[in-house]
Amino acid sequence: MRRRVLISCVAALVGATSLPAVAQPSGDTTVTFTVSTSNLTIEVPASDNLGSAFPGQTITGQLGTVTVNDQRAAANATWTASVISTQFDTGSDDDTEIILPNLVTYWSGQTTATTGNGTFVPGQPTRADRVSLNQPRTAFSKTSGNGNNSASWNPTLEITIPQDAVGGLYHGTVTHSVA
């Protein structure tokens, strides 16, 4: 008899552990997701031809649209775009075939397009504000705002051709960067 009672008790215990759990009156599920971010980038024209002018004259032209794309989705989405120029030359080391960066001036002008919120500030809103590109200059900046944004502008270059410059096709590089 004792064996039957013991077997019955063990069977009752095994059966009790396989019963369904009692439901709670509420339950929490932790949910997560990621807001994707990307980079802060700048797009510039690949090349530009300003035309021609004679020694002692100034040649002026727009570079084409420069665009900063800020896809960092930042709480403080500020940035500064800078610009600098190399010398312009014909490929010769002769002083009469070199136009130094201090003779290259730049002004950003106003934005041509923006997206996002915040304050977009041109480095040089007008020709009267133009600067020499012999050192890094602020081309444009965003001083407040959050989230993704972009700004575009079409800057103007003026290059003063020295009186003793030799005729030829001159090449140089204007570099925009953003941080």
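**Reading terms from a predicted model**

Colleague: Why is A73 called partly exposed?

Modeller: This is a predicted model, and in it A73 has a relative accessibility of 32%. Buried requires under 20% and exposed over 50%, so A73, at 32%, counts as partly exposed. The residue is located in the loop between β3 and β4.

Colleague: Why are β1 and β8 said to stand at the edges?

Modeller: The open sheet has four strands in the order β1-β3-β12-β8, paired antiparallel. β1 (40-43) and β8 (111-115) each have a single partner strand, so one side of each lacks a neighbour in the sheet. From one strand to the next, the twist averages 10°.

Colleague: Which residues of the largest nonpolar core touch the most other members?

Modeller: They are W79, Y106 and W153, in a core of 23 residues. Elements giving two or more residues to this core include β3 (66-70), β7 (104-107) and β12 (149-153); β4 gives the most, with three.

Colleague: What makes V68 a contact of W79?

Modeller: Contact means heavy atoms within 4.5 Å. Beyond the neighbours within four places in sequence, W79 is in contact with V68, and also with residues including L40, F120, F140 and A151.

Key: Residues are numbered from 1 along each chain as its sequence is written. This is a predicted model: local features need pLDDT of at least 70, side-chain atom pairs count only at pLDDT 80 or more; totals for chains, interfaces and linings use all residues. Side-chain values use heavy atoms; hydrogens and water are left out. A nonpolar core is a set of buried Ala, Val, Leu, Ile, Met, Phe, Trp, Tyr and Cys residues joined through side-chain atoms within 4.5 Å. Buried means under 20% relative accessible area, exposed over 50%, partly exposed in between (1.4 Å probe, protein chains only). Two strands pair if DSSP finds at least two bridges between them. Axes are lines fitted to C-alpha atoms, for helices over the stretch in contact, and angles run from 0 to 180 degrees between N-to-C directions.
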